[in-house]
Amino acid sequence: MRKRARETADQGQAGAARRSLLLSPAALGELLAALLRRGYTVIAPTVRDGAICYEPVNGVEELPAGYTMELEAGSCRLKRRGDEALFGYVVGAKSLKNYLHPPERRVFAAERDNGLFRILPEQTERPRFAFLGVRPCDLAAAAIQDRVFLKDRYQDGEYRARREAAFVVAVHCTEPAATCFCASMGTGPRAKDGFDIALTEIVEPGRHLFVAEAGTAAGAELLAELNASEAPEELCRAAEEALERAASSMKRRLDGDGLRELLYERFEDPHWDDVARRCLCCANCTMVCPTCFCVTVEDTSDVTGRRAERWQRWDSCFTQNFSYIHGGSVRLSPKSRYRQWLTHKLAAWVDQFGTPGCVGCGRCISWCPVGIDITQEVAALREAARTRA
Amino acid sequence: MSAASETLPSVMVPVAMRLARVEKETHDTFTLTLESADGERPARFAPGQFSMLYVFGVGELPISISGNPEERDRLIYTVRSVGKATHALVTRAPGEAIGVRGPFGTSWPLADSRGRDIVIVAGGIGLAPLRPAIYHVLRHRGDYGRLLVLYGARSPQDLLFRKQLTAWNYVPDTQILITVDYGGLSWRGNVGVVTTLFRHIRLEPERTTALVCGPEIMMRYVVRELLVRGVSAEDIYLSMERNMKCAVGFCGHCQLGPYFVCKDGPVFPYSRLKAWMDRYEL
């Protein structure tokens with residue numbers, strides 16, 4: 001990331017205002033092909049199992065042309081649009097987290113050796129990811145995970161390697177979903193940084209185009225290969241206006257003002273019991289959250305007992321085992337577990353890493369089976385603080 | 001970087017050490033002595049720090065170091081067998097391998113407490129992470145004022161390090177006070193919770209640093225007692241326990257309010273904990 005920051009700075013010094021280029025859907029296909037040629041595993045949105053997922057793709061034809069995904073509390077519906085838009089939806093359940101901080105990975109394998117044990121050398125080749133269609137909220141989430149994994153006393157070497165090798169093509173959001181609240185979190189609908197290339201999709205009757213801008217030298221180099229012409233002023237303005245409309249059209253918002261203090265103070269608020277009556281402790285919200293980083297470590301052995309492995313897997317503070325120490329779990333009740341999640345995300349995270357752990361992507365709202373809405377719960381706690389003193 | 005450290009998050013990989021001795025302390029608690037398997041000295045530790053101990057193929061646990069920090073050639077741990085992994089740990093035979101990561105975490109504020117009285121309050125296995133602090137004070141006896149150790153256990157059979165406790169009581173300016181919850185017929189010592197020992201000592205609060213480790217409920221009452229006797233919240237240190245999987249701040253399990261016990265603790269001044277300690281299910 002240091003590398004990326006420096007490149008961005010260099011560009012800024014060169015004084016060149018970001019040049020906007022015009023890409024056709026065919027040119028986007030060329031961009032994808034160029035990434036594949038460079039040896040990247042390209043992760044992009046595609047339709048799978050009746051939903052839009054971020055998966056490895058091999059061509060632009062695998063992108064969800066003409067689809068949208070309607071998101072509401074506790075619901076996600078794949079629908080046809082009346083056009084050929086390639087990015088006519090916002091987020092699927094997966095985010096960059098699934099690839100940079102994967103759901104499970106082997107930490108080591110070892111075997112018994114002369115009364116001791118010996119760590120076996122790892123053979124696996126690490127993929128180099130290019131992410132296409134990354135939303136501004138997910139870029140902000142990756143920056144938050146960078147802080148967790150790379151900028152503390154200990155560093156996660158695996159995360160670092162994956163992150164530094166990654167190429168990012170972002171897409172600014174012109175059509176937020178009903179669950180989006182990035183504008184209130186300051187993370188979207190326009191991506192500020194952290195991308196190599198950023199696109200704005202323009203879909204209107206009679207034209208389907210992308211306005212592309214480079215965020216790094218690597219991005220500019222790749223764009224130069226596409227022989228794209230400069231985007232006309234009128235189109236750039238149209239893209240800008242679409243982003244402004246997107247920001248003002250977001251209905252959900254999360255008011256973060258003084259929230260850290262409020263959550264710490266409302267530790268015993270009766271509203272936590274109200275959420276606990278609805279929460280199933282299923283852990284879906286933590287799995288789809290692009291910043292949630294908790295893992296467990298599992299040690300296993302084969303049947304002979306000669307070979308052992310250590311695996312790291314995503315874990316969730318919604319499980320009872322999560323806080324188990326001898327004598328019992330610290331957080332036994334669902335209430336305490338929901339409170340831990342929300343308070344960590346919006347309060348403790350600030351103490352630990354300097355920002356809240358929420359980017360306003362709205363995934364936890366859509367993928368909650370009972371439709372618990374983080375923005376409503378925060379509003380309810382604020383209201384409780386106001387009325388119950 | 002070598003190929004191995006590039007592909008492996010090396011901080012999560014244990015180093016194999018050889019189990020040299022297993023001493024039975026009580027019916028369920030054992031002291032393990034680990035020695036280097038490759039001739040390399042283990043990393044230096046500070047009193048109060050812990051390691052992650054790994055039993056091959058079984059599991060890994062955070063265990064406080066209970067040995068003498070000046071003994072650089074071995075690492076000593078005192079473990080109570082309460083579950084699958086701790087049972088596996090204490091039933092290894094000498095000569096077998098134990099994986100070690102660490103040491104991790106914060107330590108008792110011994111360097112900053114020179115010239116002061118050290119009051120150690122321990123409950124049960126909580127004496128183990130305090131023993132390195134006792135070793136340190138005894139080794140540098142002239143650097144500190146009085147050393148008072150208040151130790152409570154369930155029964156006389158549950159007392160750890162009994163011979164040492166008896167011997168330390170003869171060191172000048174050192175006082176060891178012991179109590180048990182249930183004495184039985186042959187016990188002639190104190191009976192009652194550890195806070196009942198405070199009436200036998202005379203604290204000079206301005207020059208006292210208190211180091212406390214034990215069950216959380218016991219620590220709450222000990223803190224109350226110390227505060228009542230005028231010891232300030234900044235001079236009371238507690239060693240906290242939470243579930244721990246990684247010890248390096250990535251797994252999230254050990255969170256206690258805004259802290260990660262593994263890297264912000266396990267030793268905290270009470271002034272940092274006071275907003276959090278009385279919160280049930282925090």
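In this predicted model, chain A holds an open sheet of 8 strands in the order β3-β2-β8-β9-β10-β11-β1-β12, with mixed pairing. Because β3 (51–56) and β12 (229–230) of chain A each have a single partner strand, they stand at the edges, and one side of each is left without a neighbour in the sheet. Strands of a sheet pair through backbone hydrogen bonds, in either the parallel or the antiparallel sense. Within this sheet, β1 (residues 20–23) and β11 (residues 207–214) of chain A are antiparallel partners, joined over 4 bridges, and A:L23 is found opposite A:F210 of β11(A). Helix α2 (residues 25–37) of chain A lies across β1, β2 (41–48), β8 (129–134), β9 (167–171) and β11 of that chain, and runs at about 130° to β2(A).

In chain B, the helix to follow is α5 (residues 216–228), whose 13 residues should span 18 Å at 1.5 Å a residue, and this agrees with the 18 Å that separates its end C-alpha atoms. The buried residues in α5(B) are B:M218, B:M219, B:V222, B:V223, B:E225 and B:L226; they cover an arc of only 165° around the axis, which means that they lie on the same side of α5(B). An α-helix has 3.6 residues a turn, so residues three or four places apart point the same way. The buried residues of α5(B) pack against β7 (117–123), β11 (208–213), β12 (236–239) and α7 (270–273) of chain B, whereas B:I217, B:R224 and B:V228, on the other side of α5(B), are exposed. Just after α5(B), B:G230 adopts a positive phi of about 95°.

Methods: Residues are numbered from 1 along each chain as its sequence is written. Chains are lettered from A and ligands numbered from 1 in the order in which they are written. This is a predicted model: local features need pLDDT of at least 70, side-chain atom pairs count only at pLDDT 80 or more; totals for chains, interfaces and linings use all residues. Helices (H or I, at least four residues) and strands (E, at least two) are DSSP runs, numbered from the N terminus. The expected span of a helix is 1.5 Å times one less than its number of residues. A residue is buried if 20 or more other C-beta atoms lie within 10 Å of its own, exposed if 12 or fewer, and partly exposed in between; C-beta atoms are placed from the backbone. The arc is that of the directions from the helix axis to the C-beta atoms. Two residues are in contact if their C-beta atoms, placed from the backbone, lie within 7 Å. Two strands pair if DSSP finds at least two bridges between them. Axes are lines fitted to C-alpha atoms, for helices over the stretch in contact, and angles run from 0 to 180 degrees between N-to-C directions.
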